[in-house]
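Hi,

Have a look first, then read on.

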Amino acid sequence: MPVCRMCTQNYPNSQFVSGNGPRYQVCVRCAVENDMMAEGEETSLYSDELVKARSALFARRYRPWAFILAGWILFFSFGSGIELWSNLFLGALLIGTLATPVLHFMTSTKFQAELAALSP
Ligand SMILES: [Zn+2]
């Protein structure tokens with residue numbers, strides 16, 4: 001991996017701007033910060049809105065797993081001692097545990113598409 005001339009950090013080749021002179025071996029971030037991007041040139045850096053949208057997307061994708069995990073922890077800690085509610089809770093947990101991997105697998109294509117739309 002080449003070293004950026006300005007910040008002396010290692011990055012993969014895709015993170016470098018191409019060119020000679022002042023743009024030679026300069027990473028995208030330094031090029032943006034030093035106003036070296038050419039007119040209309042796209043960067044591969046994430047903007048603030050993009051970062052927010054991406055983390056919201058990941059949070060939405062993995063939220064059901066967190067709920068299932070929290071549900072089982074609740075059930076095994078003190079949820080199994082309550083007569084009727086424990087059975088209802090266990091039923092809901094079982095349905096959720098069975099449905100979550102299926103839904104996770106079924107929505108993976110949609111997730112990849114949304115992620116690609118949010119990648120510069
Ligand atoms: Zn740099």
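Below is what was found, starting with the whole chain and ending with one residue.

First, two ground rules. This is a predicted model, in which local features need pLDDT of at least 70, side-chain atom pairs count only at pLDDT 80 or more, and totals for chains, interfaces and linings use all residues. Residues are numbered from 1 along each chain as its sequence is written.

On confidence, the chain averages a pLDDT (the predictor's confidence in each residue, from 0 to 100) of 86, and 96% of the residues score at least 70. Confidence is lowest in H1, with a mean of 86, and highest in H2, at 91.

The chain has four helices and zero strands; both are DSSP runs numbered from the N terminus, helices being H or I with at least four residues and strands E with at least two.

As for overall shape, the C-alpha atoms fill a box of roughly 75 × 25 × 25 Å along the principal axes. The radius of gyration is 24 Å, while a compact globule of 120 residues would be near 14 Å; the radius is taken over C-alpha atoms, and the globule rule is 2.2 Å times the number of residues to the power 0.38. An automatic or database domain assignment gives domain 1 (1–45) and domain 2 (48–117). Their C-alpha centres lie 40 Å apart.

Burial comes next. Of the 120 residues, 4% count as buried, meaning that 20 or more other C-beta atoms lie within 10 Å of the residue's own, with C-beta atoms placed from the backbone (exposed is 12 or fewer, partly exposed in between).

Helix H2 (residues 48–77) has 30 residues and spans 40 Å from first to last C-alpha, close to the expected 44 Å, which is 1.5 Å times one less than its number of residues. There is a kink of about 40° at Tyr62, shortly before the proline Pro64; the bend is the angle between axes fitted to the seven residues ending there and the seven starting there.

Now for Ala31, in helix H1 (residues 28–33). Ala31 counts as buried because it has 22 C-beta neighbours inside 10 Å. Beyond its neighbours within four places in sequence, Ala31 is in contact with Val17, Arg23, Val26, Met36 and Met37, where contact means C-beta atoms, placed from the backbone, within 7 Å. Phe58 is 27 residues from Ala31 in sequence and 29 Å away, C-alpha to C-alpha.

Happy exploring!

Definitions and conventions:
Contact = placed C-beta atoms within 7 Å.
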